[in-house]
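Work through these exercises with the structure in view. Try each task before reading its solution.

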Amino acid sequence: MLRARPAIALACGALLASACGGGATRGDERLEVVAAFYPIAEAARQAGGDAVTVHDLTPAGVEPHDLELRPSDVGRLRSAALILYLGGGFQPALEDAIDALPSGRAAVDLLDGIALRKGEEGEPTDPHVWLDPLLMTQIVERITEEMVRLSPGLRDRFEASARTYTQALAELHGAFEATLRTCTRRELVTSHAAFGYLAARYGLEQIPISGVTPEAEPSPQRLREVAELAEDRGVTTIFFETLVDPRVAQSVARIVGARTAVLNPIEGLTAAQRSAGETYVTQMRANLAALAEGLGCRVS
């Protein structure tokens, strides 16, 4: 993906005089947090509770890899007390904008300190750490530390909120562990390689049709390889995701004689999902139900 440095630089320059604030909260002011996309925003809201205001840069229904910043977004970056993102080229336009900020801005790459999975040759490092509930817990804990650093007077509130959420994540991990250990099949055939951390955590084998970047078009050879492997292993379900065209997964499913099912990488929620009160936890539980059916697991 091309990185639009000139456009970002111009936007930053235009906003320099009008949007150069930011810093920690004072008194009862809320901590202003900018989050790169949905799961980070959710973690920040849960950790911060009513002591933070969180702005999610990626609009509902937009693939976060494709994020293009508006001048108003750059203004938010310049005025925020805390910026939370994932590095490694996951959202290159955002990383360019952060690079152009004045020194001293509190921009935190939440991939730092996490053992990352390498992509295939020519592929970027896999950033989809939030799909492992235990790694999501690490993200929440890191965000809490940063909030406490900026607003030490709110430590008790931040830590209490974070404990409540990490307990929910621990229960989510327990449900995945208990269900997925009973599966009769362990091959997870997906439209793209978003589920490597989840598969590694619960002893599944991810077989992606395309790589870490969902826009990458798989070659005919790769389609044949996946179809043959799926047939050999007796795969009955090919999983595709909500924000990516499902036709490639459907093509493999037709070749194999398998069904298709949705497995959500939870990079964002649609407007309808948000209106219905869906969250990271509810979507992960929906993923678990889809995996249990597709992999032949016993549901207690």
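**Exercise 1. Find what share of the contacts with a separation of 6 or more comes from residues 24 or more positions apart.**

Step 1. A contact means heavy atoms within 4.5 Å.
Step 2. Take the contacts in the chain with a separation of 6 or more; residues 24 or more positions apart account for 66% of them.
Step 3. Know your source. This is a predicted model, where local features need pLDDT of at least 70, side-chain atom pairs count only at pLDDT 80 or more, and totals for chains, interfaces and linings use all residues. Residues are numbered from 1 along each chain as its sequence is written, and side-chain values use heavy atoms, with hydrogens and water left out.

**Exercise 2. Count the helices and strands, and state how much of the chain is buried.**

Step 1. Helices (H or I, at least four residues) and strands (E, at least two) are DSSP runs, numbered from the N terminus. The chain has 11 helices and eight strands.
Step 2. Buried means under 20% relative accessible area, exposed over 50%, and partly exposed in between (1.4 Å probe, protein chains only). Of the 300 residues, 52% count as buried.

**Exercise 3. Describe how helix 6 packs against helix 5 and helix 11.**

Step 1. Axes are lines fitted to C-alpha atoms, for helices over the stretch in contact; angles run from 0 to 180 degrees between N-to-C directions. Under 35 degrees counts as roughly parallel, over 145 as roughly antiparallel, 65 to 115 as roughly perpendicular, and the rest as oblique.
Step 2. Helix 5 (residues 133-150) meets helix 6 at about 175°, with axes 9 Å apart. The two are therefore roughly antiparallel. Among the residues in this contact are M147 of helix 5 and F158 of helix 6.
Step 3. Helix 6 and helix 11 pack at about 0°, with their axes 10 Å apart. So helix 6 is roughly parallel to helix 11. Residues including Y165 and L169 in helix 6 meet residues including Y280 and M284 in helix 11.
Step 4. Sort the residues of the helix 6 and helix 11 contact: 12 are nonpolar, one is polar and two are charged. Here Ala, Val, Leu, Ile, Met, Phe, Trp, Tyr, Cys and Pro count as nonpolar, Asp, Glu, Lys and Arg as charged, and the others, Gly among them, as polar.

**Exercise 4. Identify the members of the largest nonpolar core that touch the most other members.**

Step 1. A nonpolar core is a set of buried Ala, Val, Leu, Ile, Met, Phe, Trp, Tyr and Cys residues joined through side-chain atoms within 4.5 Å.
Step 2. The largest has 80 residues, and W130, M147 and Y280 touch the most other members.
Step 3. Look at M147. Beyond its neighbours within four places in sequence, its contacts include L31, V33, L82 and F158.
Step 4. A second, separate core has 14 residues, including I209 and V226.

**Exercise 5. Locate the disulfide and give its handedness.**

Step 1. A disulfide is a pair of cysteine sulfur atoms within 2.5 Å. The count is one. C183 is joined to C297, S to S 1.9 Å.
Step 2. The S-S torsion is about 80°, so this disulfide is right-handed.
Step 3. C183 sits in the loop between helix 6 (155-180) and strand 5 (187-192), and C297 in the segment after helix 11 (280-294), so the pair ties together parts 114 residues apart in sequence.
Step 4. C183 counts as buried at 10% relative accessibility. C297 also counts as buried, at 11%.
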